[in-house]
Amino acid sequence: MKTIEIKSGDQTVQFTTKSVTLDGKEYFLVDSVDEAKNKYHFFANMNNNEEIIVMKDAENNGEMFYITVDDDDEYDLAFGLYYNKLKS
């Protein structure tokens, strides 16, 4: 878990979220969406919130972890689900 602080003008907001490190960069969890077979998670780079990675849940021997979505079609599906969630 990671505590994030966002400042805008005179206001400061703090929240706690999950974070992951990938290729030496830290990303924080923005949101998640469920699909029939998968749960997709959207992580933003801690230093560049325009850099988003998509990960999904995976399991091995009962241990849950995240894996990156590398397939272009699955990536598009995940962002389509996220877009639909935001507009509803």
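How many salt bridges does the count come to by this rule, a side-chain nitrogen of Lys or Arg within 4 Å of a carboxyl oxygen of Asp or Glu? I note that the count comes to three salt bridges.

**Ground rules.** I am working with a predicted model, in which local features need pLDDT of at least 70 and side-chain atom pairs count only at pLDDT 80 or more, while totals for chains, interfaces and linings use all residues. I number residues from 1 along each chain as its sequence is written, and the side-chain values use heavy atoms, with hydrogens and water left out.

**Entry on Lys-25 and Glu-51.** I looked up the salt bridge between Lys-25 and Glu-51, where the closest N and O atoms are 3.3 Å apart. Lys-25 belongs to strand β4 (residues 25-34) and Glu-51 to the loop between β5 (39-45) and β6 (52-60), so the pair ties together parts that are 26 residues apart in sequence. For these names I rely on DSSP runs numbered from the N terminus, helices being H or I with at least four residues and strands E with at least two. Lys-25 is partly exposed at 38% relative accessibility, and Glu-51 is partly exposed too, at 23%; here buried means under 20% relative accessible area, exposed over 50%, and partly exposed in between (1.4 Å probe, protein chains only).

**Entry on Asp-31 and Lys-85.** I then turned to Asp-31, which forms a salt bridge with Lys-85, the closest N and O atoms being 2.8 Å apart. Asp-31 sits in strand β4 and Lys-85 in helix α1, so this pair ties together parts that are 54 residues apart in sequence. I find Asp-31 partly exposed at 21% relative accessibility, and Lys-85 partly exposed at 39%.

**Entry on Lys-56 and Glu-74.** I also looked up Lys-56 and Glu-74, whose side chains meet in a salt bridge of 2.8 Å, N to O. This pair links distant parts of the chain, with Lys-56 in strand β6 and Glu-74 in helix α1, 18 residues apart. Lys-56 is buried, with a relative accessible area of 15%, and Glu-74 counts as buried at 17%.

**Entry on the charged surface.** Which residues gather in a patch of negative charge on the surface? I list Asp-70, Asp-71, Asp-72, Asp-73 and Asp-76, a patch being made of residues with over 30% relative accessible area and no salt bridge, like charges joined within 9 Å.

Note on methods
Patches are made of residues with over 30% relative accessible area and no salt bridge: like charges are joined within 9 Å, nonpolar side chains (Val, Leu, Ile, Met, Phe, Trp, Tyr) within 5 Å. Accessible areas come from the Shrake-Rupley method with a 1.4 Å probe; for residues, only the protein chains shown count as cover. Lys and Arg count as positive and Asp and Glu as negative; His and the chain ends are not counted. The place of a charge is taken as NZ of Lys, CZ of Arg, CG of Asp or CD of Glu.
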